[in-house]
Amino acid sequence: MARKLYSDAASALDGLLFDGMTICAGGFGLCGIPERLIDAIRDAGTTGLTIASNNAGIDGEGLGKLLRTRQVKKMISSYVGENKEFERQYLSGELEVEFCPQGTLAERCRAGGAGIPGFYTKTGVGTQVADGKEVKNFDGEDYILERGIRADLSIIKGWKADESGNLVFRKTARNFNQPMATAGRICVAEVEEVVPVGSLDPDQIHLPGIYVKRMIVGAPYDKKIEFRTVRERAAA
């Protein structure tokens, strides 16, 4: 069995990064993001990146770190709102953004990982999402052609993995991580725990180890909160 577990994020990404590459990054906001791998990409100084991810985290956290260091050329995303630097760079023309409906983005990555170059969907028909895209009529309804996404690298966050890379996600942290993992030419995963082969129930595995080429243990983590909502103290 090939050695998959690396000592840290920098060594796991060694030889995989190059300027102008495309990366699929798992996560949703700050939930299920590959924090250690993002830090290693920042520290490597790789530039001209195209990143497919639901969003770019928040200012200074998650993929927001790579925006702050101007390493990202283009984002393929469904949401901008929680990252003011993302918004500023887009509106000023410093950052190219390809907006993509959330479900379509997930399916584009899933399709790319399954070897499907494109698919038709009703989502976005008659809106700016359809601009420049092929429209085809099926049974009296218009659909637009969306291309599958393939990346040079996928970076994902998992909960628990065995030594062969079979991986389990934890609750909502599963989000985009599963389809993103399959869309990359090579997938590097960071997890909270690695257990011996045979320790995981085969019926509970979310991502087969065939997709995971390299992995690291990133724990321990500090839980970061996007919005802290505090109720006003009741009057005495």
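The model is predicted: local features need pLDDT of at least 70, side-chain atom pairs count only at pLDDT 80 or more, and totals for chains, interfaces and linings use all residues. Residues are numbered from 1 along each chain as its sequence is written, and side-chain values use heavy atoms, leaving out hydrogens and water.

**Sheet**
- An open sheet holds 3 strands in the order 5-7-6, with antiparallel pairing. Strands are DSSP runs of E, at least two residues; helices are runs of H or I, at least four; both are numbered from the N terminus. Two strands pair if DSSP finds at least two bridges between them.
- Strand 5 (118-121) and strand 6 (135-138) are at the edges with a single partner strand each, so one side of each lacks a neighbour in the sheet.
- From one strand to the next, the twist averages 40°. Axes are lines fitted to C-alpha atoms, for helices over the stretch in contact; angles run from 0 to 180 degrees between N-to-C directions.
- Strand 6 and strand 7 (residues 141-147) run antiparallel, joined by 4 bridges. Asn 137 stands opposite Asp 142 in strand 7.
- Helix 5 (residues 102-113) packs on the sheet and touches strand 5 and strand 7. Its direction makes about 150° with that of strand 5. Contact means heavy atoms within 4.5 Å.

**Helix 2**
- Buried residues (under 20% relative accessible area, 1.4 Å probe, protein chains only) in helix 2 (residues 35-44) include Leu 37, Ile 38 and Ile 41.

**Helix 4**
- Tyr 90 lies in helix 4 (residues 84-91).

Technical notes:
Buried means under 20% relative accessible area, exposed over 50%, partly exposed in between (1.4 Å probe, protein chains only).
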